[in-house]
Amino acid sequence: MRALVLFLLIGLGTSFSQSGQASVEAHVGRGTRLMQDNLFEAAAAEFEQAVAANPQDPRAHFQFAVCLLALGRNDEARRQFEQVQKLAGDSRYLEYYLGRLDLLSNDYGAAIRRLGSVAENPPFPDTAFHLGVAYVSAGDVITGIKWLERAAKLSPNDYRIHYRLGRAYSSAGRDQEAARELDLYTRLRDEHKNNEKDVRDCAGALQNQPLPAAREVCHRMFDPNDPEKLTLLAQLYGDSGAFDDALDPLKRAVQLDPKSFDAWHNLGVTYFRLQQYAKAREPLERAVALRPEFYGSVVLLGATLYMLGDDDAALPVLEKAHRLNPSDAQTAQVLEQLRAKQQKK
Amino acid sequence: MASRGVKPQPRGKLSGLPFHAHFTDVAAHAGLRAPVIYGPPDRMDYILESMGCGVAFLDYDNDGWLDIFLLSGTRREGPVEGATNRLYKNNRDGTFTDVTEKAGLTRQGWACGVTIGDYNNDGFDDIFISGWPQNTLYRNNGDGTFTDVTEKAGLLHAGNRWGTGCTWVDYDRDGRLDLFVSNYLVFDFDKIPPTGKDPRCDYKGVPVNCGPRGLIPERPMLYHNNGDGTFTDVTAHSGVGSVPPGFGLTAVAADLDGDGWQEIYVACDSTPSLLFHNRGDGTFAELGLQSGLAVNEDGSEQAGMGIAIGDFDLDGRLDALKTHFAEDTVALYRNTGHLGFDDVTMRSGLGVETRYVSWGDGIVDLDNDGLPDLFWVTGSVFPEVERKHPEFPHKSPRVLFRNLGNGRFEELLEEAGAAIAEPHASRGVAFGDFDNDGDLDILIMNMNEPPSLLRNDVSGSGHWLKVKLVGTRSNQSAIGAVVTLSYSGHKQAQAVMAASSYLSSGDRRLHFGLGAAEAADLEIAWPNGTRETFKGAPSNHLITIKEGSGIVARERFGS
């Protein structure tokens, strides 16, 4: 029985069953998960349906607007954000997004006003970057440099920021600083390209070569000081079913960056796949603590607890998972069984 | 070549404004019926077979009518009958006569780029052709014939090279045209695996030809004109050779910062593009990144193919348009002065078009409304892919964006005639007024097909002015001059160039649409640094200006 339940639950993180009883919650839940996978077109379709189902729900308008912005449908995005403003009033998130839209439509004055109003308590770390770009585009290179410098401090590995900052220094005649920033940009960009190549090579090797040979190729990605790269390496192993090989990079990644949701979540998934449920529990609890609303982690934690026989702990977690994704019939089925079992006690 | 997976922006509502240019492909009627052979007709096993070549408008016999020079490739398995570079003489009646053999220009091989200019200042345009494995210089004898003087001129290089972009440029302002050649990559049929032999050479899950990534990039070269018919390789001394190797394609030369010295801008494929800033002392500093011309606004390099230079925003500064691979946008760079450029691609509305691999391009006023439009041709390098992915067709339409005059453009899909929407696998493009009727026609190289000659028939009431410059102290072709026209409150700059678009060379008579303006003031910055101004030049004329002698001819043609 538990094996059957496990089989059902394993697929839940990625399966999106089509419920005939579409609701705002269901559409928002599905849309959110699609957004997390960068599937913005599909996500936008879900949010659009959520908006149609309840035009008074500001969450649906907001998420729909964010998707539209990611898709470059800027005018539509603005209309949706303005709708949120009508329904829920101002917020720093709205100011941020409307400021970015102002920047994209060359209205630098408005972009500076909006982004500037939230820059001291920014909703997202790249607020300083967009504000810096707005100032430079408006011709105020000196102020633009100030914000781009702040952005570079916040995201020191983002080559885009160093490129813009280098160009701004160059415009201001600060040639030495320009050269320094552009050198840094070149180094970071090269690293980024090398990483991309390593990922392509590793994925290709895992797809086309025996595992021992693929390991040799993939080992280039094992940077013991880079948690993001280690997590990516583990994901590649995991995608090809080599879960044992994913463990070491992930264990190192969570040591290096204990706040990395991706690392904890993937470590939990890996242990779960290896059927080491006791070891899966802590990483999944850490992942859920970091992102309590992420359905994939919650449902997997529920499944883990269930497999450990801790039904009392599993029940509330799976109930939460069901709330996050009410349209998932499989979770509902497992919950029904658990509740029935609890009642028999 | 590399795609960046960029999705197109949604198209906005069209302006609904009429577009007064209408294009008809008259190539067959004009006698341009021979196909341009370039590799096998239905596949491209090697990158050399996929890159195609340029075309040129020139007036080789100085009769005032544009002739046509078409480059050609060949096939690996051996010579193909009829595959040769071709010179077509303009019969002045809308047709052309193939005079290749008579001119001594018959040649079969892998030609790539062409630059036209009078390197020996004898009054006749000479032809330089880049290619693999050697480049070729033809001296115009002035009697309708040409002589291959490559070896005599000192331009034969050791070993095999794949010369691509090439442009005449008087970089040291001594009045003689020097020569810049970009090189693409180290190519050898026997060392590069063909399609299907290397699993890493894959596009969208389909085996394709390999490169440029994974192959060995090259450096460009610069040759100084000694004034006695010979050239000296100054690549190292000038600083041109000190840049990291890249996959260099189209090269253009123009004075981009208005200091009187010409820069050289090179579109590089999948590596940062290069901007050689002319220091005025015979050396260059590579300032691609500093200027903003090396990469896009996100700091990402693109697959640079073609370059157009023009003044789309009418501020008197030369802007640039660079074409790229499919699933990416072109890049439109606005010149902000002091050798700084802003990438304004997305904010100008060009992000709606990302479907095609894009090549030869122009910033050209096609409808004479006084606002330079954008045009480019397209075509895949992987014909195999469309069988699995019809959304990546081998042959694809031409792309035309109309200038709305507010910093934004709109794509015209059907409004400019069927010849624009017709699909071809095109590469080089040249712009020029072959029928002398006061508008810009378009010559296009199509892979393994006859070329297209798009005759432009402009309606409406837009005026125009053409300017032909003749250098005296400067080089005779006036290559490197910049003409700034003032009309209706606008200020439009254009450069006299020896090459642009994709490996191509266009009409050196500068064509300005004037819209409603019936006259314009001109300022000329000659290549040697001197300036001249002329007031009230009447519209709808071709005026010829000789350096130091003023307007020496006025010719009224067109409607």
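Which residue in the turn between strand 37 and strand 38 of chain B has a positive phi? Gly548(B) does, at about 85°, in a hairpin with three residues between the two strands. This is a predicted model: local features need pLDDT of at least 70, side-chain atom pairs count only at pLDDT 80 or more, and totals for chains, interfaces and linings use all residues. Residues are numbered from 1 along each chain as its sequence is written, while chains are lettered from A and ligands numbered from 1 in the order in which they are written.

**Around strand 37 of chain B**
- Strands here are DSSP runs of E, at least two residues, and helices are runs of H or I, at least four residues, numbered from the N terminus; two strands pair if DSSP finds at least two bridges between them.
- Strand 37 (residues 541–546) pairs with strand 31 (residues 463–470) of chain B in the parallel sense over six bridges.
- Six bridges also join strand 37 to strand 38 (residues 550–556) of chain B, this time antiparallel.
- Thr544(B) is the bridge partner of Lys468(B), and Thr544(B) also stands opposite Ala553(B) in strand 38.

**An open sheet in chain B**
- Four strands line up in the order 2-3-4-5, with antiparallel pairing.
- Strand 2 (55–58) and strand 5 (96–98) sit at the edges with a single partner strand each, so one side of each has no neighbour in the sheet.
- Strand 3 (residues 67–70) and strand 4 (residues 86–90) pair over three bridges, and Leu70(B) stands opposite Arg86(B).

**Ala152 in chain A**
- Ala152(A) lies in helix 9 (residues 141–154) of chain A.
- Ala152(A) counts as buried because 20 other C-beta atoms lie within 10 Å (buried means 20 or more, exposed 12 or fewer, partly exposed in between, with C-beta atoms placed from the backbone).
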